[in-house]
Each structure stands twice: as structure tokens, then as C-alpha cells.
Amino acid sequence: MQTSLNPLVSNLIAPQRLASTLTFGQFVKAIASFLAPYIMTWGATLVIPEFGLGWRVLFPIYAIICVFAIAILGGTPIPEDKPDKASSFGSSFALLGKPFVLLCFLGIMCHVGIDVGTNTTAPRILMERHELTIEDAAFATSLYFIFRTLGCLAGSWILAHFPARRFFAVSVVCMLAAMICLFLDVQHVSVIYIAIALIGFGNSNIFSMVFAQALNHVPNEKNEVSGLMIMGLFGGTIFPILMGFCSDAVNSQNGAVAVMAVGVLYLLFYNFKMKKA
């Protein structure tokens, strides 16, 4: 859905407002992710009519919403820049020959790597440094998602009123400050929580801004660019592997933080290469 909808949105939204719109879409998606466990719980405890499905009532509820949305979208006339054509792997990968598209692709990889890395590492840091139980440490993941969701909501407004490049810099600085805090063996749990919140807020809009930059850079190849950027999500598999190796090498979660910090430094470098928008 992300591969097809993002180019479609670019046909309806002015380039300078594309990042804001994509960010708002991420916010709506985050709400759906937040609600899913609660709907499953309500179904399992018979709080809502579940028609014998139990927690599986989540699936028909979301299916009905999807069908309704698709029906509305199907009946909406959308002017396209040019007739659609099937995109091949070759045509998508060929775009990596364009330096700025390659930078965007790596930016998406770093964004997803930091996202997945924070989810897996934050609880371990709390358990390692403050001997929290896994149940208590799991709050770190929830905290990250809370601030990621709030960041998407705030970003949809900020990006509609301020240059993306400036907001991108602020987002990266938030994550850089967080990485410095996590490197330090702080004695207060609250400092780690603040660092996790900063990563959640800082990383919340990176995907949308990088995606919008890539689409606007090659407007005649939006389908291919979109497919290529979504392929960059596999950064979420590479980063955890490297983080695990580095953590084992230094016998500390600082190794994992160092890998994420490299991703943040790359995004800082990318910020200087961004097009003005």
C-alpha cells in the first residue's frame, strides 16, 4: 500500500506539501497500530460484540475499514501525470545510479534501522544498567511509539508551515542528543526515558521527508522511486544483526547504540544534501 499510495498522493498534493501529507498518513497508520491490541483485548474479554471470534474480531473490523476506504478511492477521479506502466526490478534499481536517489535509499535504511534498533535495544539498556524486569523495561518500547505518534501529528503541521530541511535538522539533532545520552552510563532511569522519547520524536518524520525528497527529485519515475524506497525497509533487518555483533563484541548495549549512532550521523550528512523544500 505504501508503494502505490505515496506516488498517487504526489499527483494530488503540491511538492512543498507532500512531506506533510505523507507524515499525516504515518500518523493515521500509527493510530491503527495502537488500537489493534486494545481491540483484540476487548474482543477476547467479550467487552465488544465479537460474534464468537474472540480476539480475531480485529480482522473483520479492519477489513471493513479497508474495503470502505478502497471503495471511496476507487470512485474518486484522480488526474495522473502520465499513463501508468508496470515497473520492473531493473528500472527501479537503475535509479540507484542517480546519486541523490541513492542517498535517499540509504536514508530510508537508516531510518528503519534506528526504528527497529530502538525497539529491541531500549528495554535491554534498562535491564542491563538498572536491573529492571523485562515487564518494567518493556515500557521503553511503548514510550518510543507514543512519542513517534505524537511526532507524526506535530510533523504534519510543522512540515506544512516550515521548510522540510530545517525540520529534518531538528529531528536529527534530537536523535543525536539521545545517542549521546545512551552512550553515557547515567544513573537515572528518567534520562534514558528522555533519550528514548527524543529518538521517537526525531525519527517520526524522517521517512516521509526522505520519501518526498526522492519522489520530487525524479517526478517522471514516481512508481519506480516508490518501489525502491520501500525496498529500503530491509534496513530493519541489517541494523539489528550489526547491533547484535557489536554488543557481543564489547559485552555492552553501547555496541548497539554505536551502530544506531552511525545511522544518525548519516542522516546528519544527508541533511546537507537535501533539496530546499
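## Packing of α1

In this predicted model, the buried residues of α1 (2-10) pack against α2, α10 (206-217) and α11 (222-231). Helices (H or I, at least four residues) and strands (E, at least two) are DSSP runs, numbered from the N terminus. Buried means under 20% relative accessible area, exposed over 50%, and partly exposed in between (1.4 Å probe, protein chains only). Contact means heavy atoms within 4.5 Å.

The buried residues of α1 are Asn6, Pro7, Val9 and Ser10. They lie on the same side of α1, because they cover an arc of only 160° around the axis. The arc is that of the directions from the helix axis to the C-beta atoms. An α-helix has 3.6 residues a turn, so residues three or four places apart point the same way.

## Basis of the values

Residues are numbered from 1 along each chain as its sequence is written, and side-chain values use heavy atoms, with hydrogens and water left out. Because this is a predicted model, local features need pLDDT of at least 70 and side-chain atom pairs count only at pLDDT 80 or more, while totals for chains, interfaces and linings use all residues.

## An enclosed helix and the core

Helix α11 is largely enclosed by the rest of the structure, since eight of its 10 residues are buried. These are Lys222, Glu224, Val225, Ser226, Gly227, Leu228, Met229 and Ile230.

Met229 also belongs to the largest nonpolar core, which has 61 residues. Such a core is a set of buried Ala, Val, Leu, Ile, Met, Phe, Trp, Tyr and Cys residues joined through side-chain atoms within 4.5 Å. The residues with the most contacts inside the largest core are Phe168, Met179, Ile206, Met209, Met229, Leu267 and Tyr270. Helix α5 gives the most to this core, with 13 residues. Not counting residues up to four places away in sequence, Phe168 touches Ile206, Met209, Val210, Leu267, Tyr270, Asn271 and Met274.

## The largest pocket

The largest pocket holds about 1000 Å³ of space. Its lining has 26 residues, and those closest to its centre are Met1, Leu5, Gly25, Val28 and Ala69. The elements that give two or more residues to this lining are α1, α2 (15-44) and α3 (58-74); α2 gives the most, with nine residues. By class, the lining of the largest pocket has 18 nonpolar, seven polar and one charged residue.

On a 1 Å grid over the protein atoms alone, a pocket is an open set of points with protein on both sides within 12 Å along at least five of seven lines, and a cavity is a set where a 1.4 Å probe fits but cannot get out; lining residues have an atom within 4 Å of a point. Grid points are joined across faces, edges and corners, and a volume is the space filled by probe spheres set on the points. Ala, Val, Leu, Ile, Met, Phe, Trp, Tyr, Cys and Pro count as nonpolar, Asp, Glu, Lys and Arg as charged, and the others, Gly among them, as polar.

## Cavities

The count of cavities of 30 Å³ or more comes to two. The second largest cavity contains about 30 Å³ of space. It is lined by Thr118, Thr121, Ala122, Ile125, Leu182, Ile196, Ile199 and Met260. Two or more lining residues come from each of α5 (99-130) and α9 (189-203), and α5 gives the most, with four. Six of the lining residues are nonpolar, two are polar and none is charged.

## Selected residues

Ala137 is in helix α6 (residues 134-137) and counts as buried because its relative accessibility is 0%. Leaving aside neighbours within four places in sequence, Ala137 is in contact with Pro123, Leu126, Met127 and Leu132. Lys29, in helix α2, counts as partly exposed at 41% relative accessibility. Lys29 and Cys152 are 123 residues apart along the chain, and their C-alpha atoms are separated by 10.0 Å.

Glu131 is not a glycine, although it has a positive phi of about 55°. Glu131 lies in the loop between α5 and α6 and is exposed, with a relative accessible area of 70%. Asn251, also not a glycine, has a positive phi of about 55°. Asn251 is in the loop between α12 (235-250) and α13 (254-273) and is exposed, with a relative accessible area of 69%.
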